[in-house]
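I opened the notebook to keep a record of what I looked up, one topic at a time. The entries follow the order in which I went through the model.

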Amino acid sequence: MAAKGFCDDWKAGENAAMAWTEKALAAAGADTLNCLTLVDRQRAEAQSREAQRRIDAGLTGPLTGLPYVAEDGIMVEHQISSGGSRMLANFAPPFGAEVIRRLDEAGLVLLGKANMGELKMGGEESSYFGPVTHPLDAGRRSGGAAAAVAAGIVPLALAVDSLGEVRRQAAQAGVVCCKPSYGTVSRFGVIANVSSCEQIAAIAPVVAEAAELLHLAAGHDPKDGASLPQEAYTYDLSQEIAGKKAAVLVDYQTNDYDRRCLEQGVSLLRRAGIEPVEVKTRYAAYAHLALTAIAAAEGCNNVSRFDGVKYGYRAPEYKNMEELYCNSRSQGLGMEVKRDAVLGVYVLAKEQYQTYYYKALQVRHLLWQEMNDLFREYPLVLTPLAAGPPYAAGEDRGGRLSFRDRFYAAIPSLLGLPAVAFSVGRDQAGLPLPCQLFGAQGQDGAVFAAAAALGK
Amino acid sequence: MAYEVVMGLEVHAELATNSKIFCACPVGYGAEANQNVCPACAGMPGLLPVTNKKVVELAIAAGLVTNCKISPVTTFDKKNYYYPDLSNSYQITQLYAPICRDGYVEVRTSQGVKRIGIKQIHMEEDAGKLTHDDTLGVSLVDYNRCSVPLVEIVSKPDFRSAEEVIAYLEKLRSLLRFAGVARARFEEGSIRCDVNLSVREKGDPNFGVRTEIKNMNSLSAIERAIAYETERHIDAIEWGEPLIQETRRWDDAKNASFAMREKENAGDYFYFPDADLAPIEISSQWIEQVRAALPEMPDRKQERYVQEWGIRDKDAALLSQSPSLARIFEQSADLCGNPKEAANWLVGEGLALAKKHAVPIDDLELDPHKLAYLIRAVEDRTLTRVNGKKLFAAIFSDDVDPEAYVKEHNLDAAVDQGALEKLLASIVAENPKSVADYQGGKTKALDFLFGQAMRQLKGAGDPGEIRRILEELLRPQ
């Protein structure tokens, strides 16, 4: 039975797109979670009027007129797009992301920007605009996009799935995150961290709505060299799932919490008629390490353009060029970004390149082969997404915990695979237990359909 | 002690595309600062590089004309360093899988013909330009050149003299220009050359300590830099002073090289593959398409001029040195039907005038139709050779219409025979002393009368015919 999302509720009782946007604007105004960094009332109202015009003309899709938020790293023309960093706190780009253009065209209403870990390199405590409070537990942390949907401020959100943190945050907030295969949604206009891994994902209460959002967002873009040639994507969520096999990766049984996640996930699979089979892999345990080396290298390179010379933060005082660089970057970038930048230089240095960066590429290749062998027998793979409940306030300072949980989320990031994150039940405190299903590259529809079949 | 200098060259050439290598910005020499700039080449976040296909094709062409192997798969890498003229703080280049490898170029020097090995050719983007304004105390950056496509052509350490270096650079320039790969002009920086140089005792199988010299912007500067640096190395060796492997900047005004600051000698650029640019597959079919589209190369032209048209080897070499000159020559030869005469005029007059007016050979513009008219007129004797030179000069500097010019300046040799005889008879009548001198055996007197005639005719008339008539008139009656 298909799960019920917010979208129909959102529209219920009101018959005008303007009213839906007003509802979201009111909720955003009352936000106590710090999940939004910017609300653009003017843009949202103009878009909702345009959406209403289309609805009246009968030119509508299922999401026309619905408000959504985009993570702060997804740039909107002439709107401050800071990526959660002081470095870009006043940066309003002269161009916008392709994905925003597509959703504008589809008649959605962009309410504003969601808070995020600094430049995707930092964890829950790293945003220059402060951390996001968990929507279900005021003493805990969440991600801006996941929290905005979970708290009911908007029914939909776009987030950049870089190291898998948005999947974990969504599942632990009780909503879903659908990450399509690498190259599906254009990355044009998205502040880059791990270029070879990251992909725009959709967050919604249920898979059907996230998939619908991706349907509108995805498709070939010549402005993104890694964009796949396919022009458009549709996801058949009604395809037959029962009888399929799912590999349950026991590599991720490390403690009571992740075991419980897997148990609950397995029982959901069984209920949907999917056969869970416990599998131990050879390389899964190395995925997060390879991802860390690659992410540090690419992240370090991607943030090197923030130098205080052309735009963004410039230190008020410097005596020469070197000080201009050092002071601007020291003051403009947070600790976790600096740590990744130093790590990136370390793994790329001539002396260490073979030991770390090149080794990471080899691991990625071996894992790619192993996973593709696995997919031949098991089209679906189930893993937990965290070693414990959402981080308590201040607990992730320095990024230690988000680094720890990268362990679970790494494979789809590293290999560019489609994945869905969702909750499989509740822990003793009533907080969602996070799991993900993923599958072979290009099998986005089958993976999303399986999650939908689990009642998500 | 006999020493041997060993050199290898790194030549950067700007590719002759209309747009930049990873964005659609136009490429133009001499545009106003920061006019040819978009968010991508200005280093803004969220922009992704998309490879200009034309760049790949021109790089393949560069490889083909230098006898390289073209890689079936080629990839881009990022080279990281901070400098304000590098908008992204990294340069996209090729380290691990360059597009061309293992080629050679044949050069001719006073020592004969020699093959210079090409180690590799790779594609990369250029950086912008930083200008320091000392009066305002600021540095200004111009990103126009950011992401302009380049090929870097890396030679093997095969050079043993400055003469070989210059011959190679001239040859390389000519190949790149003929193939339409690059404008390759030192004066505008569209070709640049770094020299890696070391000195060793003759016969020593090991190389000496190597230095890299940068910042020479003409062939003559390169020649002087090599001479200076060689001398510096030999001095150091002879005095037992240590040489350091380093990059040195050539200062043309001071005629000396100086070590660059330590920072600029940083050894590690943290190279790694560019994840935003998928590997480029180059099929043999694509290579053949590029090969088929290549025009005739200068060596082949030279050979053809000699063999098919009977042009002297030296002239053929001169005429095939630049695509524009070769085009002017071939077209005027075809139009006038006399390649030898076309060669004589272009080498004798065209190149001399170019030298006199300091016009670079590559900028030579001459309308082949006008040249062909001139050559035919001289052949038909309707124009004397002397007046032909006048006409040539006028075409060279003012692109005049030859027919109108001849008429206007009364250069037509076909003066009416009766009028000519009448004029000459009157000159003879007006100069009885010269007539007497001539008849008294001073044959030089004829030259005076001839000069008088030429002055009055203002160059018209056939000089041979004038002389013949004068001799007739002066013959004792």
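**Entry 1: a helix crossing in chain A**

I began with handedness, and I noted that the crossing of α9(A) and α13(A) is left-handed. I kept in mind throughout that this is a predicted model. I then looked up the geometry of the pair: the axes of helix α9 (residues 287-303) of chain A and helix α13 (residues 400-415) of chain A come within 8 Å and cross at roughly 70°.

From α9(A) I wrote down A287(A), H288(A), A290(A), L291(A) and T292(A), which meet R406(A), F407(A), A410(A), I411(A), S413(A) and L414(A) of α13(A). Sorted by class, the residues of this contact between α9(A) and α13(A) comprise seven nonpolar, three polar and one charged.

**Entry 2: the surroundings of L25(A)**

I turned to L25(A), which I found in helix α2 (residues 17-29) of chain A. Is L25(A) buried or exposed? I counted 21 C-beta neighbours inside 10 Å, and L25(A) therefore counts as buried, given that the cut-off for a buried residue is 20 or more.

I then asked which residues L25(A) is in contact with once its neighbours within four places in sequence are left aside. My list for L25(A) holds V39(A), R41(A), A44(A) and L111(A). I also checked P67(A), which is 42 residues from L25(A) along the chain, and I recorded 9.1 Å between the C-alpha atoms of the two.

**Entry 3: the domains of chain B**

For chain B I took down the division into domain 1 (3-287), domain 2 (296-408) and domain 3 (417-474), which comes from an automatic or database domain assignment. The centres of domain 1 and domain 2 of chain B, taken over C-alpha atoms, are separated by 35 Å. Where these two domains of chain B touch, I found five residues of domain 1 in contact with five residues of domain 2. On the domain 1 side, helix α2 (residues 162-178) of chain B gives the most, with four residues.

**Entry 4: between the chains**

Last, I looked up the contact between the chains, where 25 residues of chain B are in contact with 34 residues of chain A. The chain B side of this contact has 15 nonpolar, seven polar and three charged residues.

Conventions. Residues numbered from 1 in each chain as written. Chains lettered and ligands numbered in written order. Predicted model: local features only at pLDDT ≥ 70, side-chain atom pairs only at ≥ 80, totals over all residues. Axes fitted to C-alpha atoms, helices over the stretch in contact; angles between N-to-C directions. Helix = DSSP H or I, 4+ residues; strand = E, 2+ residues; numbered from the N terminus. Left-handed = near helix turned anticlockwise from the far one by under 90°. Contact = placed C-beta atoms within 7 Å. Nonpolar A, V, L, I, M, F, W, Y, C, P; charged D, E, K, R; others polar. Buried ≥ 20, exposed ≤ 12 C-beta atoms within 10 Å, placed from the backbone.
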